[in-house]
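Subject: Structure handover and notes

Hello,

Please find the structure below, followed by notes on what was found in it. The terms are given with their cut-offs where they first come up.

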There are 2 protein chains.
Amino acid sequence: MKTKPLILVVNDDGITAPGLRMLIEIMNEIGEVVVVAPDSPQSAMGHAITINSTLHCQKINITKGPQLEYSCSGTPADCVKLAVNELLDRKPDLCVSGINHGSNSSINVIYSGTMSAAIEAGIEGVPAIGFSLLDFSWDANFHPLKGFIKKITTMALKNGIPKGVVLNVNFPKLKEEEIKGIKICRQAKAYWVEDFDKRINPIGKEYYWLTGTFVNEDNEEDTDEWALKNGYVSVVPTQFDLTAHQSIRYFNKWNL
Amino acid sequence: MKTKPLILVVNDDGITAPGLRMLIEIMNEIGEVVVVAPDSPQSAMGHAITINSTLHCQKINITKGPQLEYSCSGTPADCVKLAVNELLDRKPDLCVSGINHGSNSSINVIYSGTMSAAIEAGIEGVPAIGFSLLDFSWDANFHPLKGFIKKITTMALKNGIPKGVVLNVNFPKLKEEEIKGIKICRQAKAYWVEDFDKRINPIGKEYYWLTGTFVNEDNEEDTDEWALKNGYVSVVPTQFDLTAHQSIRYFNKWNL
């Protein structure tokens with residue numbers, strides 16, 4: 001490549017998250033890196049954007065390296081909008097989001113701040129990939145992922161990602177030698193069954209904590225859940241045209 | 001029908017919004033109505049859910065009528081989870097969300113709190129419809145929508161909505177007699193070009209307001225944007241399986 005690709009790095013766990021730090025380290029080996037990440041954790045923010053309040057952004061440097069870093073008060077989707085439309089002087093060649101501390105496989109893609117950042121980049125016409133590890137802990141071990149992330153990123157830069165598609169990549173919590181390979185998958189049809197933990201606060205008022213159990217009855221071999229359960233890295237091509245094209249004919253029969 | 005259908009009514013503009021009040025009025029004519037709506041405006045919240053903070057919920061009555069009403073501190077998606085898993089003693093037969101003050105057509109579906117509530121209901125296995133009017137003002141005229149909303153809702157209860165699909169219904173800002181009819185559409189491939197309004201606060205620090213221009217270069221007659229521009233109500237069947245199935249073959253060729 002003549003010039004180094006410009007890579008925008010974002011996440012939803014916040015600018016100090018170890019998963020983001022690892023992603024910066026890997027991307028520094030591939031291109032020119034600009035980081036625009038939330039100044040506080042933004043997990044489960046879905047595709048929220050900030051329209052009723054102001055946004056703040058400052059240049060910062062959390063770890064040594066050639067990357068430029070910005071800390072931003074908004075959501076992950078805000079960070080991408082700010083980066084592409086205000087902070088960067090040219091369109092990035094790629095946007096990578098993560099590495100998320102926790103799974104974004106299956107239906108989790110809908111709630112995920114990590115994937116909303118990648119999807120926002122896709123909407124803005126920037127090829128994008130979200131990376132997530134099935135380990136919620138702050139000190140999760142991201143080292144086994146390095147080679148895979150480098151491989152997928154390099155291939156995306158070389159081959160291109162089709163317009164309207166972004167990649168949702170999830171890693172099983174395994175040692176590098178235990179990972180069997182990479183599988184292109186579809187999103188498993190799973191869901192959460194919520195269980196609200198009802199409590200009483202010190203002044204006698206009821207409140208709830210949202211908790212839940214993940215239920216997956218879709219165990220086909222072409223799903224991300226199957227891949228992850230069987231030791232593979234899952235790659236789901238993900239789109240933001242939400243039209244259920246296959247059901248248009250059905251609804252036309254209603255004769256509305 | 002033997003018993004009245006149980007209809008869950010939600011929104012993202014908050015429990016006092018006139019659009020919600022109109023939707024309650026219409027649904028009271030069709031079924032047994034339970035309202036679970038945010039206690040404050042939650043526009044552009046996407047599919048955010050509350051996992052790092054507590055949720056509060058109280059029985060309330062904003063307007064007269066047979067409906068049960070709950071005001072909830074969370075996001076639109078939280079409201080649906082709380083309703084289905086905690087507040088209701090049986091699964092609703094339908095969830096309707098809105099009527100949103102403002103458009104949720106095309107790419108706006110991704111940012112929409114109104115549609116995230118409908119999609120959350122769909123994920124929970126409840127047939128769901130989001131209704132939006134292309135008028136952001138608080139005193140928008142929702143009266144022309146009444147007959148259309150009643151028709152679509154009745155058809156949905158009678159015919160059923162296929163699993164994995166929810167309806168995204170948008171109304172042009174027109175008088176009733178000016179509306180030409182209802183069209184089943186696909187989501188137009190449009191996007192926002194952001195323009196950040198940079199300002200200086202009273203203590204000399206920079207901040208931004210997110211503003212933007214909606215750009216639509218997809219003017220085919222089968223899109224929601226075309227329908228709305230030409231005086232039709234647009235109905236887009238919307239899904240939460242985000243897999244770009246058509247590109248799986250392409251990515252398999254990468255031989256990852």
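Two residues are in contact if their C-beta atoms, placed from the backbone, lie within 7 Å. On that basis, 98% of the interface residues of chain B are also interface residues in chain A, so the copies meet through the same surface.

This is a predicted model, in which local features need pLDDT of at least 70, side-chain atom pairs count only at pLDDT 80 or more, and totals for chains, interfaces and linings use all residues. Residues are numbered from 1 along each chain as its sequence is written, while chains are lettered from A and ligands numbered from 1 in the order in which they are written.

The two chains

At the interface, 61 residues of chain B are in contact with 60 residues of chain A. The side of chain B that touches chain A has 36 nonpolar, 16 polar and 9 charged residues (Ala, Val, Leu, Ile, Met, Phe, Trp, Tyr, Cys and Pro count as nonpolar, Asp, Glu, Lys and Arg as charged, and the others, Gly among them, as polar).

Two copies of a chain are related by a rotation about an axis and a shift along it.

Helices (H or I, at least four residues) and strands (E, at least two) are DSSP runs, numbered from the N terminus. Two strands pair if DSSP finds at least two bridges between them.

In chain A, 9 strands form an open sheet with mixed pairing, in the order β3-β4-β2-β1-β5-β6-β7-β11-β8. Its edges are β3 (57–60) and β8 (181–184) of chain A, each with a single partner strand, so one side of each has no neighbour in the sheet. On average, neighbouring strands of this sheet are turned by 20° against each other, direction ignored. Strands β2 (residues 32–38) and β4 (residues 68–72) of chain A run parallel and are joined by 5 bridges. Within that pair, V35(A) stands opposite E69(A) in β4(A).

Chain B also has an open sheet of 9 strands with mixed pairing, in the order β3-β4-β2-β1-β5-β6-β7-β11-β8. Its edge strands are β3 (57–60) and β8 (181–184) of chain B; each has a single partner strand, so one side of each is left without a neighbour. In chain B, β3(B) and β4 (residues 68–72) run antiparallel, joined by 4 bridges. K59(B) has Y70(B) in β4(B) as its bridge partner.

Helices

Axes are lines fitted to C-alpha atoms, for helices over the stretch in contact, and angles run from 0 to 180 degrees between N-to-C directions.

Helix α4 (residues 113–123) of chain B lies across β1 (6–10), β5 (94–101), β6 (128–133) and β7 (165–171) of chain B, at about 170° to β6(B).

How do α2(A) and α4(A) pack? Helix α2 (residues 76–87) and helix α4 (residues 113–123) of chain A have axes 7 Å apart, at an angle of about 30°. The helices α2(A) and α4(A) are therefore roughly parallel to each other (angles under 35 degrees count as roughly parallel, over 145 as roughly antiparallel, 65 to 115 as roughly perpendicular and the rest as oblique). Among the residues making the contact are P76(A), C79(A) and V80(A) of α2(A) and G113(A), A117(A) and E120(A) of α4(A). By class, the contact of α2(A) with α4(A) has 6 nonpolar, 3 polar and 2 charged residues.

In chain B, the axes of helix α2 (residues 76–87) and α4(B) come within 7 Å and cross at roughly 30°. The crossing of α2(B) and α4(B) is right-handed.

Backbone points to check

Most residues other than glycine have a negative phi, and most peptide bonds are trans. The peptide bond from G98(A) to I99(A) is cis, with omega near -15°, and I99(A) lies in strand β5 of chain A. In chain B, the bond from G98(B) to I99(B) is cis, with omega near -10°. S106(A), which is not a glycine, has a positive phi of about 50°; S106(A) lies in the loop between β5 and α3 (108–111) of chain A.

Regards

Key. Left-handed = near helix turned anticlockwise from the far one by under 90°.
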